[in-house]
Amino acid sequence: MLREETAVLDIGSSKITVMVGEKGINNTFNIKSSAEEDYDGFENGKFFSENSLKTAIINAVKKAGENLRYKIRKVYVGVPTEFSYCITKEINATFPKRKKIKDADVFEIFESSQNFNENSVVINRSPIYFILDDNRKVLNPVGEVSTKLNILLSFVLTDISFTNLIKETLLEASIYDVDFISTSLAEALYLTEPEMRDSGLILIDCGYITTSVSLVKGDGLLCMKAFSMGGGHITGDLSQVLNLSFSQAESLKRKVVLSLNATDNDFYEVNINGAMQPISAKFVNEIILARLEMFSNIFNKILNSSEFNLQNKPFIPILITGGGLNYLKGAKDFLSKQMGRNLEYVAPNALQLNKPHNSSVISLLDITLTQEKNIKKNLF
């Protein structure tokens, strides 16, 4: 593969996506190839079927490779939040005398702090901040002169069984070079501005059957949580209560306007056996709002937990991405009201790929292209 291009594998909760691309002008992307494959998904950090996962990965890699003039030799794999966890460490490093700090000094400190359970694999490490001997807090100490560094480091880890499963699968596709990236961290770094992250923010990614909630600070994650509920559960509610097929329920969901003060005389229409059938808009909205209330209760429980500790931060920015909620008209306003916090949607700033459901794969592509550029500096 050409040096300026990378291949990423995004493990969604309903599909596997492989994308190969490079940076274009003005921070755009040139997508060389991409492929998607449906599979059974996962719940509570377990795949429903490892065989389904393996087949989807191998087929997606094969299809993506067919559009290229060269073989995909390295793949960066995004690790979903349900398969990862975050740990922060405070590190105090002292130098024999005042010195100008170099990249090598920071790298050595990072390496010495990476002591974890042998069954865990560090997939990302990121500095939240550095404090110099004059108590100045900086985001990058390289070039500064100091006798010590106090560092808050964020580590994202996954279980070795996860990495082994993916590596073994990619071996079957003749790919031997595999690296892993936290999908939540990639989204945080790509979808949000550094100035906003410096003050702290919440990033929520609601997918098909999984949702992640991350507390972002600086260039890292302070903590993150995931739960197995997404937009597919809303579709499932409509299907079950209204006795519709899943595809009919999905079509209905996309017509819903929750801000509509529906009356008994308002209806949505669904194609059933070739004929458009009216369904009470009021009843449909009530079904969806009941599920959204469950979402808001879980969000509030997470944000008010001791790990997130946001009880005294009512105005922290909360951004939502992913395809689970962002296409549901009126969902953001309802959740904001239920949670007593202002929520905003966010999506990739990428031409033709600027939809919320593309957030994870585009974020992975962005961070891996940056990593390839900086790999000689040992920044990751």
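Analyst: Axes here are lines fitted to C-alpha atoms, for helices over the stretch in contact, and angles run from 0 to 180 degrees between N-to-C directions. The model is a predicted one.

Two packed helices are described by the angle between their axes and the distance between the axes. For helix 8 (residues 281-303) and helix 9 (residues 331-339), the axes come within 9 Å and cross at roughly 50 degrees. That angle makes helix 8 oblique to helix 9. The crossing of helix 8 and helix 9 is right-handed. On the helix 8 side, the contact is made by Leu-289, Leu-292, Glu-293, Phe-295, Ser-296, Phe-299, Asn-300 and Leu-303. Helix 9 contributes Ala-331, Phe-334, Leu-335, Gln-338 and Met-339.

Strand 7 is joined to strand 10 (residues 145-159) by 13 bridges, and the two run antiparallel. Lys-99 stands opposite Ser-146 of strand 10.

Helix 4 (residues 183-191) can be described by its burial. Eight of its nine residues are buried, so helix 4 is largely enclosed by the rest of the structure. The buried residues are Thr-183, Ser-184, Leu-185, Ala-186, Glu-187, Ala-188, Tyr-190 and Leu-191.

The cysteines remain. A disulfide is a covalent bond between the sulfur atoms of two cysteines. The search of the whole structure finds zero disulfides. For Cys-86, the closest cysteine sulfur is that of Cys-223, at 6.8 Å, which is too far for a bond, given that a disulfide requires sulfur atoms within 2.5 Å. Cys-206 is likewise in no disulfide, and the nearest cysteine sulfur, again that of Cys-223, is 19 Å away. Cys-86 is buried, with a relative accessible area of 17%. Cys-206 is buried too, with a relative accessible area of 0%.

Technical notes
Residues are numbered from 1 along each chain as its sequence is written. This is a predicted model: local features need pLDDT of at least 70, side-chain atom pairs count only at pLDDT 80 or more; totals for chains, interfaces and linings use all residues. Side-chain values use heavy atoms; hydrogens and water are left out. Buried means under 20% relative accessible area, exposed over 50%, partly exposed in between (1.4 Å probe, protein chains only). Helices (H or I, at least four residues) and strands (E, at least two) are DSSP runs, numbered from the N terminus. Two strands pair if DSSP finds at least two bridges between them. Angles under 35 degrees count as roughly parallel, over 145 as roughly antiparallel, 65 to 115 as roughly perpendicular and the rest as oblique. A crossing is left-handed if the near helix is turned anticlockwise from the far one by less than a right angle, and right-handed if clockwise. Contact means heavy atoms within 4.5 Å.
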